[in-house]
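Me: I am new to this structure. Please walk me through it in short steps, and start with the terms.

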Amino acid sequence: MTPTDLPPPELVQLLTPTGERVDHPVYAPRVAHLDADALRGLYRDMVLVRRFDTEATALQRQGELGLYAPLLGQEAAQIGSGRALAPQDYAFPSYREHGVAHTRGLDLTAVLRQFRGIDHGGWDPREHNFHLYTLVIGSHTLHATGYAMGVQRDGLVGTGDPARDTAVVAYFGDGATSQGDTNEALVFAAVNNAPVVLFCQNNQWAISEPTERQTRVPLVERGRGFGV
């Protein structure tokens, strides 16, 4: 079977482009509890982080920041997943998860300390269960998988107590799926059945390489070869 013979991945759509709810048999029940106030709260968070992102991008263009990685277009993925995390869950970001940082209670101005070059990180990861930004693409997927294996060995998975059960999430872009570190993380996560979510946000580009230069199959299919 060639890559072109593979069935396309299922599209999970809960909203139409005009904002109307779509009834999905699996996922719709999971968001049925979100009332109007909850939806407005999610929307408010997305507006806030986009506004922050716009200002930070302008600061970088003006030379006030040495570097800045924007989150434009990823607001919903970050706010939605960030709000779904429990307080004891641990997030490992790449370098553009400003929306997740917001949901973990960070003052977003702390994010700019690293990009301005006045701090190695900008916050205490233990205070928010939100690790420092990782500028080396894909390397933090190994950190996240190792942390998840530790959580597993500490007996904090499958206890049935929602206040104790812990999950780990690692955020990365499509380019990281071509990195050796990420492939090693997939091996360890699968073999150890680690409680880690490997969260790929695909913006169609890896620095300057388009997706079609990285893989012959949809990115979501890459995990299947590892058993993920």
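Reply: Buried means under 20% relative accessible area, exposed means over 50%, and partly exposed lies in between (1.4 Å probe, protein chains only). The model is predicted: local features need pLDDT of at least 70, side-chain atom pairs count only at pLDDT 80 or more, and totals for chains, interfaces and linings use all residues. Residues are numbered from 1 along each chain as its sequence is written, and side-chain values use heavy atoms, with hydrogens and water left out.

Me: In what order do the elements of the chain run from the N terminus on?
Reply: Helices (H or I, at least four residues) and strands (E, at least two) are DSSP runs numbered from the N terminus. The chain has 8 helices and 5 strands. From the N terminus on, the order is α-α-α-β-α-α-α-α-β-α-β-β-β.

Me: What is the radius of gyration of the chain?
Reply: This value is taken over C-alpha atoms, and the globule rule is 2.2 Å times the number of residues to the power 0.38. The chain has 8 helices and 5 strands. For its 228 residues the rule gives 17 Å, and the chain comes close to that, so it is as compact as a globular protein of that length, with a radius of gyration of 18 Å.

Me: Among contacts between residues at least 6 apart in sequence, what percentage join residues at least 24 apart?
Reply: A contact means heavy atoms within 4.5 Å. The C-alpha trace spans about 50 × 45 × 40 Å along its principal axes, and buried residues make up 37% of the 228 residues. Of the contacts between residues at least 6 apart, the share joining residues at least 24 apart is 64%.

Me: How far does α2 reach from its first C-alpha to its last?
Reply: The expected span of a helix is 1.5 Å times one less than its number of residues. α2 has 26 residues, and its reach is close to the expected 38 Å. From first C-alpha to last, it reaches 38 Å.

Me: Which residue caps the N-terminal end of α2?
Reply: A polar contact is a pair of N or O atoms within 3.5 Å; within protein, one must be able to donate a hydrogen and the other to accept it, and residues adjacent in sequence count only if both atoms are side-chain atoms. At this end of α2, a side-chain oxygen lies 3.3 Å from the backbone nitrogen of D37. After α2 comes G63, with a positive phi near 85°. The N-terminal cap is D35.

Me: What covers the buried residues of α2?
Reply: Those buried residues are D45, V49, F52, D53, A56 and T57. Their cover includes α3, α4 (98–103) and α5 (112–116).

Me: Which residue meets E75 in a salt bridge?
Reply: A salt bridge is a side-chain nitrogen of Lys or Arg within 4 Å of a carboxyl oxygen of Asp or Glu, and the structure holds 9. The E75 bridge is 2.8 Å, N to O, and its partner is R50. E75 in α3 (residues 75–84) and its partner in α2 (residues 36–61) are 25 residues apart.

Me: Which residue forms a salt bridge with R113?
Reply: The closest N and O atoms of this pair are 3.5 Å apart. The partner is D119.

Me: What is the relative accessible area of R126?
Reply: R126 bridges to D124, with the closest N and O atoms 3.4 Å apart. D124 is partly exposed at 30%. R126 counts as exposed because its relative accessible area is 70%.

Me: Which residues do ring pairs link into a cluster?
Reply: Rings of Phe, Tyr and Trp (its six-membered ring) pair if their centres lie within 6.5 Å; planes under 30 degrees apart are stacked, over 60 edge-to-face and the rest tilted. The structure holds 10 such pairs. One of them is Y68 with F115, centres 5.3 Å apart and planes at 75°, so it is edge-to-face. The cluster consists of F52, Y68, F115, W123, F130 and Y133.

Me: What is the relative accessible area of Y133?
Reply: F115 is buried at 4%. The rings of F115 and Y133 have centres 6.0 Å apart and planes at 50°, so the pair is tilted. F115 lies in α5 and Y133 in the loop between α6 (125–128) and α7 (140–153), so the pair ties together parts 18 residues apart in sequence. Y133 is buried too, at 6%.
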